[in-house]
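The sequence and the structure are shown first.

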Number of protein chains: 2
Amino acid sequence: MKKLIICAIMLAAGVSSYAQQALFGGANAKSPEINADKTVTFRFVAPKAISVKVTGDFLPTRKVEVPNFGSMEMPGQADLVEKDGVWEYTTPTPVAPEMYTYSFIVDGQTMVDPNNVYMNRDVSTVSNLLYVDGNEVVDLYKVQDVPHGTVSKIWYHSAKENMDRRLTVYTPAGYETSGKKYPVLYLLHGIGGDEEAWYTQGRSTQILDNLIAQGKAKPMIVVMTNGNISMEAAPGEGSEGLTVPTMGLPKTMEGTFETDFPEIISFIDKTFRTQANKKGRAIAGLSMGGFHSLHISKQYPDKFNYVGLFSAAIGVTDPKISPIYGDFDKKLDILFSKKNRPALFYIACGNTDFLFKANSDFRAQLDAKGYPYKYYETDGGHIWRNWRKYLADFTPRIFK
Amino acid sequence: MKKLIICAIMLAAGVSSYAQQALFGGANAKSPEINADKTVTFRFVAPKAISVKVTGDFLPTRKVEVPNFGSMEMPGQADLVEKDGVWEYTTPTPVAPEMYTYSFIVDGQTMVDPNNVYMNRDVSTVSNLLYVDGNEVVDLYKVQDVPHGTVSKIWYHSAKENMDRRLTVYTPAGYETSGKKYPVLYLLHGIGGDEEAWYTQGRSTQILDNLIAQGKAKPMIVVMTNGNISMEAAPGEGSEGLTVPTMGLPKTMEGTFETDFPEIISFIDKTFRTQANKKGRAIAGLSMGGFHSLHISKQYPDKFNYVGLFSAAIGVTDPKISPIYGDFDKKLDILFSKKNRPALFYIACGNTDFLFKANSDFRAQLDAKGYPYKYYETDGGHIWRNWRKYLADFTPRIFK
């Protein structure tokens, strides 16, 4: 009788959710399949398709000429081969441990793998996740059997923008009942991202849970902001509804987010048990978030004792856009003065990143002044793979 | 210069995320498009496809014969028509206000709409969201410009199962700084669901934000549990990693979740500012969650003053499976005794639900005993559309 009830509910759930696949036991092909030798097989059922390719960052990149820009590295592609209606591709060699994203291209149309429910949205594109384990860094991205922090979606009121805006806040395991005060890392996303980027693609909560459990990082609060000042929240999560997300939002990299930032600090210090002083604060960000971190830390030199620039969008900025960008050198001198100098100024960049030269130039400027910083150079370019690695390298160095 | 930097970051982000679509300004077709007359147009770019259909709960259902079960209502389908490589379908009549899900079927293969980033996972199937506004109930599902509560993913330790398990907890706007104690609604999902179901498909946080802002519901904490006792958390969120989710999990509807439930209450009362008594507690659930709510409320008759059964999986249960299911009538008598009788015992069901008869039989049992309950009957079957409606109807009635 119990089985019959469960069966009936499952059938009904199948109807309600159009989950015929779920109803009859899950996927119609196993994809992706990580084989014993760590090669990976992708499968796609499409008896009538003419061509099926897979594209993803597990494949070598290919050069593409972009008009008015030059040569860009674009994701590689591989052809699937059809047999009995099932298209299949197995990597010729083992795939190195990493968290990858991939999609299929079916008769020219990019689409996700219908047999893989694990996906990430990145701006207006959704792709599937492929996780290959096997080394210490990649293990940090896994949910492990360690104490877990809490992740909250919480809204603050911006008086300056007259709107409520959403934050993602990680509080470490034990926060709720410890009565202790914690230091705070403000962690900023890149262009097109939002307050969910570090939580999803960035695996920030898994990285922090694991590093804290290993005793390598101090228990800390991590505040993941939304740096697109005209947005309330990630696409679909604000009162604008289910609109099509786009890049290049208005009021991005024009000084408002940086100018308003003390509102966020004040909200966090009021709402959470924080070490509400410079020693208890860090700021770091990737790409545009690195740009924001740089300008915020030098605009408010008494606020952050640890600064992390991950593949930062460093470049000449025009003080006519915002006074935040004015007096760059002078503000840098103030930030690195004896009184204000951060305990850690951290720069990380991939050696094929299109921002590598901008970061090298900036380092030369710091070197010329004798301003100390920690530098971490990796292979690769402007990619999440590097940003997760930088976060895992940066967080053990702060709040010591 | 600023424009060039932004452009370069966008290009690079495009490379990093394989977001070529995003890179060149978003989608390659507008889909879904809600037209001025509230008809909806779906589009799919596939010049080489032979057939493209759309399926979803905005279409009339169709009857399908299921072996050993009988006739089932299955989702409707409609054909898209191709012109210049773009397949298109427009509904012949306006689509009624609702939050729908849909997918495409391309040459027989079910897949999501590549131009719509809004999706829900339901067990092992992912489908797209279509939101058509236009009435008061459906407005409750929207993020509106009202004070927003906080949604937390928080882990408790189950001593009985020797594992950490995840909960989704909604705390109402103002919770963090009010110093007040709040009543708690425990809100349970159906089979195949998890602690994310009421938060995603259920729109529970939007419904609560809006009803509280309108003064219709009391500010309350809502605890969304994971009723699959062998799981730590929703698929992909626990230490088992990115495995293929399936229905019919072990240790579901066999008494353990119900037996262990006081562990969750105790964790919540220790961790949040709750009204930690019967008057301050409600329990409600859909389908399997209604079954759980029924058995938990009568097993612990001193714990819940409000009980909600939404399309509940009511049926004969075998005490040999668990003592929780034994002495059904006697426990019901105790629950409805003068000492324990809940202030509200609420039953809701759709009139085409396959569980309609089971719920009618149960109501007849209550009627025969003279046990009072509130009954809400709607059109339709075993679907989220009804469960959202029941939540919006139930929550204003509790904690009065």
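The radius of gyration used here is taken over C-alpha atoms, and the globule rule is 2.2 Å times the number of residues to the power 0.38. The model to which this rule is applied is a predicted one. For the 400 residues of chain A, a compact globule would have a radius of gyration near 21 Å; the value for chain A is 23 Å, which agrees with that expectation. Along the principal axes, the C-alpha atoms of chain A fill a box of roughly 70 × 55 × 40 Å.

The interior and the surface of chain A may be considered next. Of its 400 residues, 62% are buried. Contacts between residues at least 6 apart in sequence join, in 73% of cases, residues at least 24 apart. The chain exposes about 14900 Å², and carbon and sulfur atoms supply 53% of that area. Its side chains include 44 positive and 43 negative ones, and the centres of these two sets lie 7 Å apart.

In secondary structure, chain A has 10 helices and 20 strands. Strands of a sheet pair through backbone hydrogen bonds, in either a parallel or an antiparallel manner. Both manners of pairing occur in the examples below, beginning with the antiparallel one.

In chain A, 4 strands form an open sheet in the order E1-E2-E8-E7, with antiparallel pairing. Strand E1 (33-34) and strand E7 (81-83) of chain A stand at the edges; each has a single partner strand, so one side of each is left without a neighbour in the sheet. The link from E1(A) to strand E2 (residues 40-45) of chain A consists of 2 bridges, and the two strands run antiparallel. Within this pair, A:Glu33 stands opposite A:Thr41 in E2(A).

Chain B contains an open sheet of 4 strands in the order E1-E2-E8-E7, again with antiparallel pairing. Its edge strands are strand E1 (33-34) and strand E7 (81-83) of chain B, each of which pairs on one side only.

Which residues of strand E17 (residues 281-286) of chain A are covered? Here 6 of its 6 residues are buried. In a regular strand the side chains alternate between the two faces of the sheet. Accordingly, A:Arg281, A:Ile283 and A:Gly285 point one way from E17(A), while A:Ala282, A:Ala284 and A:Leu286 point the other way, and all are buried.E17(A) is joined to strand E15 (residues 184-188) of chain A by 5 bridges, and these strands run parallel. In that pair, A:Leu188 stands opposite A:Gly285 in E17(A). A further 5 bridges join E17(A) to strand E18 (residues 306-310) of chain A, also in parallel, and A:Ile283 stands opposite A:Val307 in E18(A).

In chain B, 5 of the 5 residues of strand E18 (residues 306-310) are buried, so this strand is largely enclosed by the rest of the structure. B:Tyr306, B:Gly308 and B:Phe310 point one way from E18(B), whereas B:Val307 and B:Leu309 point the other way, and all are buried. Strand E17 (residues 281-286) of chain B runs parallel to E18(B) and is joined to E18(B) by 5 bridges. The bridge partner of B:Ile283 in E18(B) is B:Val307.

Notes. Residues are numbered from 1 along each chain as its sequence is written. Chains are lettered from A and ligands numbered from 1 in the order in which they are written. This is a predicted model: local features need pLDDT of at least 70, side-chain atom pairs count only at pLDDT 80 or more; totals for chains, interfaces and linings use all residues. Side-chain values use heavy atoms; hydrogens and water are left out. Buried means under 20% relative accessible area, exposed over 50%, partly exposed in between (1.4 Å probe, protein chains only). Contact means heavy atoms within 4.5 Å. Accessible areas come from the Shrake-Rupley method with a 1.4 Å probe; for residues, only the protein chains shown count as cover. Lys and Arg count as positive and Asp and Glu as negative; His and the chain ends are not counted. The place of a charge is taken as NZ of Lys, CZ of Arg, CG of Asp or CD of Glu. Two strands pair if DSSP finds at least two bridges between them.
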